[in-house]
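Please look over the sequence and the structure shown below. The paragraphs that follow go through selected parts in turn.

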Amino acid sequence: MKVETKFGDSRLSIETGKVARQAAGSVVVAMGETMVLATAQASNDVREGLDFLPLTVDYQERLYAVGRIPGNYFRRELGRGSEKETLTARIIDRPIRPLITKAWTYETQVICQAWSVDDKYDPDMLALLGASTALMLSDIPFDGPIAGTRVCRVDGKLVTSPTQAQVAAADLYLIVASSRDAVVMVEGGAREVPEDVVLEAIFMAKEAVQPLLKLQLELQKASGKEKRAPIAVTRDLELIERIKGSRRSEMLEVLTIREKQPRQKGLLAMKARVKEDFAPEAPEGSTDPAEAFRQLEGDVLRGLILNEGKRIDGRALTEVRPIDCEVSVLPRAHGSAIFTRGETQSLGTATLGSSYDEQRLESLIGDTSKSFMLNYNFPPYSTGEAKRLGSPGRREIGHGALAERALRAVLPPQEDFPYTIRVVSEILESNGSSSMATVCSASLSLMDAGVPIKSPVAGVAMGLIMDGEAATILTDILGDEDHLGDMDFKVAGTAQGITAVQMDIKISGVTRSIMEKALSQARDGRLHILEQMAKCLAAPRPEVSKYAPKMTVIEIPSEKIKDVIGPGGKIIKAIQSETETRLDVEDSGKITIFAPSQDKADAAIEAIRKRTDPRANLPDIGRIYEGKVVKIVDFGAFVEIMPGVDGLVHISQLARERLKSVRDAVSEGDVIKVKVLEIDRFNKIRLSRRAVLEESDDR
């Protein structure tokens, strides 16, 4: 069966029953020449004792989708996905996960594959639509449907389902996922856009995806499977309520310990006591005491906030934790800063490099490069744990991408500041909102490195506690408030506007009024944080770090580029080697020189000048030079007497006697002495070896 509708400027279709028919749910979603296969499958074996949803979401891009062969040694897509694949998998995972009940403990897998990709429509939103539809058609209990779309602002006008060209030109670019009634996920960036514009864009996207939700319901009615029920867990509700009633005051006392580590130790000890005290009343193998403890923890935290307007660390609902900032903490780093907000702490470092340090990427849109990178690291000691160190996981990649997006909007244009910039955030402590602490430490480290960013950037994470119609917004949430709350809404930006947002929820959705209040409250928190950061460092330093490479830009005639590059890059490699510099040569004749010191930069400039200025690069007539024979022809030999400068020694000028062959006197690679006889009006140089030999005889 196939259903379709007009969406944006094209037709969008969803087809099922043709391919991947053994999957519990499978669809092919197409728009333009972009096609995505999405499948959903759950195992038949229940996993006992889980308190989480065993869901895995994968998104894969195949290079055959754009008619390309992978460029790696194996010539196939490798197991570990690209950053784009990881981030897209997260975009799919985050909105669908809350809509599958935690009581579902069957191993569940959603796989999306980009089969064909044109240069107009990105496959990621089709993959999200396909994942939701596959779940709707499957026997997996899923409280959907949902769908997502991009919304951008181009030339002051909001556009849904934009083309990739419109995304590139936009000053606001959001991905919004929505159900029929509410927004369930937001992800995106902006160039200092006001809150009201962001809010309008979010709910414009919500309305835009409604036809896609109707398509899924239509397809489910015709082809959907009967849903399986989660394994029912028998609970002794009377025992659970008795435990909660008898331990409420104890939970309040433990949960309101201000510091994270003592609070966590107190909660673990209390949990052990509850299990031990009520074990005789619980059937063998029962998890009722643990379930009672979990419910009680949530009830107390949420009740404290909703009923008393208090938080477990004593703060007001809109209060930001104490902030401490320090810059230039690492003497050899080009820029460094430690940003501490309560018990969350990030060390940010900024490193400047040349164009040779850009990150090279192979993707569906071709080989590209990045001149700004932000890496986020979350070592286990930051939460007081001991775990195996491994490569960055999806969470680390996602947090790094969010912070990178928040800062990219304020970076100077590449033509004005042609450095490659790498920022690294090392999370030293974590108790909520480490990604937003990363934004703050990264902003400070960039300014400390002398990067002329447009404005400082800060970020804050907002939380939500809901009970029926009652809703309370929290500013700068703790880890416990994130874990037991209903929303994690991260907002980053400058004093002028928003540069990045990310919203995840654990309920069915949030309304416009809730989001409007959250954005307003986030702005107040962000301005407070920026004010505290300004006390440490208010603006970029006027000069880059003394340890950063020195950058000099010079211009040469474009027709002289070949004289700097040389055959096979011979000359430019020699200049770089001799002067210990890096040269970035553009087609226009602009050359950017990166050097460890100004003396090295000056040496490179002089070497370039000698090769591009005819007057500076010519030898002296009548002077004797030692040179290397670089080429032999029938009528003579060409000898390089200066780097990149050679002249002709005619066969009659190679020896005192008459020669039958040039090779009777010299071979390629020989080093000989020659005298400059003449330089004609075309700067061609005539040399003589015979004159040198005769002068030697005269002596």
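**A guided reading of the model**

At a relative accessibility of 11%, Ser161 counts as buried, where buried means under 20% relative accessible area, exposed means over 50%, and partly exposed lies in between (1.4 Å probe, protein chains only). The model is a predicted one, in which local features need pLDDT of at least 70 and side-chain atom pairs count only at pLDDT 80 or more, while totals for chains, interfaces and linings use all residues. Residues are numbered from 1 along each chain as its sequence is written, and side-chain values use heavy atoms, with hydrogens and water left out.

Ser161 belongs to the loop between β8 and α3 (164–169); helices (H or I, at least four residues) and strands (E, at least two) are DSSP runs, numbered from the N terminus. The phi of Ser161 is positive, near 45 degrees, in a residue other than glycine. Most residues other than glycine have a negative phi, and most peptide bonds are trans. Asp155 also has a positive phi, of about 55 degrees, although it is not a glycine. Asp155 lies in the loop between β7 and β8 (157–160). Is Asp155 buried or exposed? Asp155 is exposed, because its relative accessible area is 81%.

Another backbone feature is found at Gly144 and Pro145, which are joined by a cis peptide bond with omega of about 5 degrees. Pro145 is located in the loop between α2 (124–137) and β7 (147–154).

The expected span of a helix is 1.5 Å times one less than its number of residues. The 21 residues of α8 should therefore span 30 Å, and the end C-alpha atoms are 29 Å apart, which agrees. After α8 comes Gly309, with a positive phi near 65 degrees.

Strand β13 (residues 344–353) contains Gln345. Gln345 is buried, because its relative accessible area is 17%. The side chain of Gln345 makes a polar contact with the side chain of Thr340 (2.9 Å). A polar contact is a pair of N or O atoms within 3.5 Å; within protein, one must be able to donate a hydrogen and the other to accept it, and residues adjacent in sequence count only if both atoms are side-chain atoms. Neighbours within four places in sequence aside, Gln345 is in contact with Ile338, Phe339, Thr340, Glu426, Ile427, Leu428 and Glu429, contact meaning heavy atoms within 4.5 Å.

How many disulfides are there? The count comes to 0 disulfides, a disulfide being a pair of cysteine sulfur atoms within 2.5 Å. For Cys325, the nearest cysteine sulfur is that of Cys536, 5.3 Å away. Cys325 counts as buried at 16% relative accessibility, whereas Cys536 counts as partly exposed at 27%.

Lastly, there is an open sheet of 3 strands in the order β22-β24-β23, with antiparallel pairing. Two strands pair if DSSP finds at least two bridges between them. The edge strands, β22 (550–555) and β23 (582–585), each pair on one side only. Neighbouring strands of this sheet are turned by 20 degrees against each other on average, direction ignored. Strand β24 (residues 590–595) is joined to β22 by 6 bridges, and Met551 stands opposite Phe594 in β24. Helix α15 (residues 598–612) lies across β22, β23 and β24, running at about 145 degrees to β24. Axes are lines fitted to C-alpha atoms, for helices over the stretch in contact, and angles run from 0 to 180 degrees between N-to-C directions.
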